[in-house]
Structures are given as structure tokens and as C-alpha cells.
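Please read them with the structure open.

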Amino acid sequence: MNKTLLIILGLAVAIGVAFFVLTSDRDRVVPQVVTVPAVQVPTTSAPTTPTTATPAASTPTPAAAAPALDPESVVAIVNGAAIKQGALDQGVQSIVSQYANLYKQMGQDFASMLVGADGFSMRLGIQAQALDRLVFDAIAKAEVASRGIAVTEDELDVEFAKQYDAFLESNNLTEETLAAILTSQGMTIETFKTTGRSNIREGLLMKELQIAVAGTIELTEDEIQTFWEKNSGNYSTPEQIRASHILVKTEDEAKAILTLLEGGADFATLAKEKSTDTVSGQKGGDLDFFGRGTMVTEFEDAAFALAPGQRSGIVQTEYGYHIILVTDKKAATAPTLTDVKDQVVADAKQEIVDERSNAWYAEVMAAADVVVNDPLLHAARQQKINVDLGLAAYEAIRDAGEVDEPYVFYVIGTLYESKVQNLMRAKTQLEAAETPDTAKIAETAAQIDEARAKALAAYQSALTKLGSDAAVEARIQAIQTPAATAPGATPQ
């Protein structure tokens, strides 16, 4: 994924659907900047779930939560502009909510991943990610101001209306229903809209900044042709069908529904009443158009064997028992450049915009004067740059003794293990050379032994301070075995 301006700003200013997301398990409305999928259907990786965000109330917290920090305290200064603790906490919360929902859809509890030694490392990584977003946010806002970029109220009205209508439609809501849900949670639709407009305004500003940074782009016919030759496959579409389904848990339930359908019952009505896939069920079972490779094999084979208007029998998958109704079909297409030239030109220009804005992003982030007041957060940011910078920062914290955090030793250990992996890859490349440099190989082998010894010492120091910790003990045991030297053995 390209680090375009829109992507980098992520939760704060994305141009995608910037609205609150309804969660199914608690019927709550949570402010997030996410894209609400129109449908979610059975896949090979995880059961269908209608949620796209996790309520703030379910935010995972460590077993021993740190004391609350002053939201007005300054955690970092970016080119003279202060970033406050409250903004960082909000950014962390947004990232945690997204991760929590993602893992929930895979049947995993993200809260359990934020405790202990590995949880400490993960929390620091999330904080560093949130801080980098805020750093870029500050830089981008300054750039927007200096370039005089603005969004008119008319532009905002048009974009808000488009996204708001899409949000209601994709969630099968009326404005009255949404207002009632918000009211039940002590919120108002006015606040909902105000927040949505604010997020969309920021997204539009960032889109304009991206265009301004990229500058004027003119393409020659040869450049257009070259882009087409590289990407023509992206403009072809495979055969697609539109289908609805009713999903139930048991075969007996499916048989009963099939009997009702054969007796003339309305498919959409039964889907709303009986389907356990509540997302499509709200839409009468409609799954919209999809191509091959989207659904689990059994579902897909049955659906593509039907003609529009035909209904399947009972189809069993890992998700339960389906009855499928195909409602439409689209033939595969393979357009010529002439057929889609306007879109090809737009896409080719966007690719250049992405490349130029990525370069600008890297440049301004590297040149930014960023002072991080929290030494742990500073170290986590350094670690994102490379292992050696991270090691230097964490070892400085350890040597200064100003941070009473035994898991610092654990992080140092994992970084030394990462260094072991890097050195082992370098050693493998040296050994594979046509004329191996035996002296360099021996030097690298010695560096591997040194890094492994330092990792072990760091883990042992962590364990001494903690008394006992399963994760630390596991790393000590692993690094003392040959398997620990294999590439990829280091915990991420």
C-alpha cells in the first residue's frame, strides 16, 4: 500500500467514509474514520461479521494499567508545534479499536495481546504509530496553511451529502433510525454530522495538498500506452453474479425454509427474518455482485452454476447451511484502451501523484524537527527506523536508570534477536558468493554470537527484575536452542 498523504493521515483525515460505525454486539455508535463495507459475505478466512469498529468502552487495557496522564501535557514538539497527551491518547485509542475489531473478526481477543512482555512492545509500537500520524498531521496542516489551500462550504456540502447517503444505505438505515440509535447512547445526530463534516473537510484538504505537492502532470501518448500495457489487466472484469442467500445453523432449519420457499414465500422476507448473516439479511439476503474467488468453494460452485432467477437447494459450508438465489449476472469484459482511456489517464496520473507525494512525505518527515519528551516513545520511534537506532535508544534508557520498566530489557533482547536474524541473512549471502570471503564470514559469525549473547543477557536481566514471566522464559529457552538461530525465529 502506498504511503500517500491520505493513507498516512489514516484515521484523522482519510477521504473515505468518515462516519460513526454501528457495532452489532452492543448496538453502539463509535466515532471512527473507516470505510463501511456495503456487504460482508462468507469467505475462506473468517465468519461473516457486520462490524467495522470496536466500541471505545471495550478498549483493551494492560493488566496493570498506568496512571492517567494529563491530557494537556506536551508529549512532543514538531517544528515548534506541540502535540499533547490527549491527542496521542485519542490516536492510540483509534488504532487499538481497529486492531481489536480486526482480531475479533478472526475470533481472537486483542486485549490479551496487550499484556505482558510482548504486550508492552506492542503498546509502544502503537503509540509510536499514533505519534507519527500526529507528527505528519502537524506538518501537513502547516503546509496546507502555507499554500493557502482551502475547502469551500459548497464543496464540503456535496462531499458530505454523498458520504452520508452512502453510509445510511450501506448500513440499511434511515436518518430517523440513526437518530434513535444515537439518542439511546446519549448522542445527537447534530454531533454526528458535525464530526463527520470535520473529518471530511480534513480529508478534502489533504487530497488538495497531495495534488499541490505533486504539481502539474502532463502525459504523452507513449506514456499512456506504456501504463496501459503494464496495467491493462486491471481494467478487465471477470464474470460476476449477483446473489442473495439465507444462512442458518442447521440442515433442518434450511429444509424448513426451503419448504416455505417452494410454497411461494418471499425470499427477501425470509432472509430478513431467519438468516444468521444479519448484514445481508437486512437487505433481503443480497450479497451484491461478486466474482470467483470471493466466496468459499462450496458456495461459489453452487452460485455460479445457477442462472439469474434460479434458486439452489441446501448448500453446506463451514458457516452453516445456505439457500442461494441468483438475481443477475455480468459477463466478463476485456475493454480496449480506447474504451477506458479517460480512466487509464486518471489512474496513470494518480500513480505519479502517489509517487511524488510519497517522496514529499519521506522528505518532510526526515527533515522535521521532532522532540519527543517520553524516552520510551522516542525509543519506539527510533526502533521503527532501524534496529541499531532502537537498540541505542533503549540501551540509553537502561543505562540512565531513569525509567523503572523491566520490560525495557525484554525489548532490548528482541532487538538483539532481530539483529541476529539480519546478520544470519548477511552470512548466508556471503557463503553463497561465487568466491566466499572467509574472513568476512568469520567476522559476521562472531557478530552473531555477540548479538545472541547480548539478547540472552537482556532477557535474563528482565527475568531477574520480573521474578517470572512466561514470555521472557520462552525467549531464554528459544535462544539457547538451534531453532532460535533460524531466520524468522525472532518474535515480531
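1. How near do the axes of helix 16 and helix 17 come, and at what angle do they cross? This is a predicted model, and in it the two axes come within 9 Å and cross at roughly 155 degrees. Helix 16 covers residues 438–466 and helix 17 covers residues 470–479.

2. Angles over 145 degrees count as roughly antiparallel, and helix 16 and helix 17 are therefore roughly antiparallel to each other. The crossing of helix 16 over helix 17 is left-handed.

3. The contact between these two helices can be listed by residue. Helix 16 contributes Arg 452, Ala 455, Leu 456, Tyr 459, Gln 460, Ala 462, Leu 463 and Leu 466.

4. Three strands make up an open sheet with the order 4-3-9, and their pairing is antiparallel. Strand 4 (81–84) and strand 9 (370–372) are the edge strands, each pairing on one side only. On average, neighbouring strands of this sheet are turned by 20 degrees against each other, direction ignored.

5. Which residue of strand 9 stands opposite Ile 77? That residue is Val 371. Strand 3, which spans residues 74–78, pairs with strand 9 in the antiparallel sense over 3 bridges.

6. A helix lies against this sheet. Helix 3 (residues 116–147) lies across strand 3, strand 4 and strand 9. Relative to strand 3, helix 3 runs at about 45 degrees.

7. Is Ser 97 buried or exposed? Its relative accessibility is 3%, and buried means under 20%, so Ser 97 counts as buried. Ser 97 belongs to helix 2, which runs over residues 85–105. The side chain of Ser 97 makes a polar contact, at 2.6 Å, with the side chain of Gln 93.

8. Asp 165 sits in helix 4 (residues 153–170). With a relative accessible area of 46%, Asp 165 is partly exposed, because that class lies between the 20% limit for buried and the 50% limit for exposed.

9. How far apart in space are Asp 165 and Glu 175? The distance is 9.3 Å, C-alpha to C-alpha, and the two residues are 10 residues apart in sequence.

How values were computed:
Residues are numbered from 1 along each chain as its sequence is written. This is a predicted model: local features need pLDDT of at least 70, side-chain atom pairs count only at pLDDT 80 or more; totals for chains, interfaces and linings use all residues. Side-chain values use heavy atoms; hydrogens and water are left out. Helices (H or I, at least four residues) and strands (E, at least two) are DSSP runs, numbered from the N terminus. Buried means under 20% relative accessible area, exposed over 50%, partly exposed in between (1.4 Å probe, protein chains only). A polar contact is a pair of N or O atoms within 3.5 Å; within protein, one must be able to donate a hydrogen and the other to accept it, and residues adjacent in sequence count only if both atoms are side-chain atoms. Two strands pair if DSSP finds at least two bridges between them. Axes are lines fitted to C-alpha atoms, for helices over the stretch in contact, and angles run from 0 to 180 degrees between N-to-C directions. Contact means heavy atoms within 4.5 Å. Angles under 35 degrees count as roughly parallel, over 145 as roughly antiparallel, 65 to 115 as roughly perpendicular and the rest as oblique. A crossing is left-handed if the near helix is turned anticlockwise from the far one by less than a right angle, and right-handed if clockwise.
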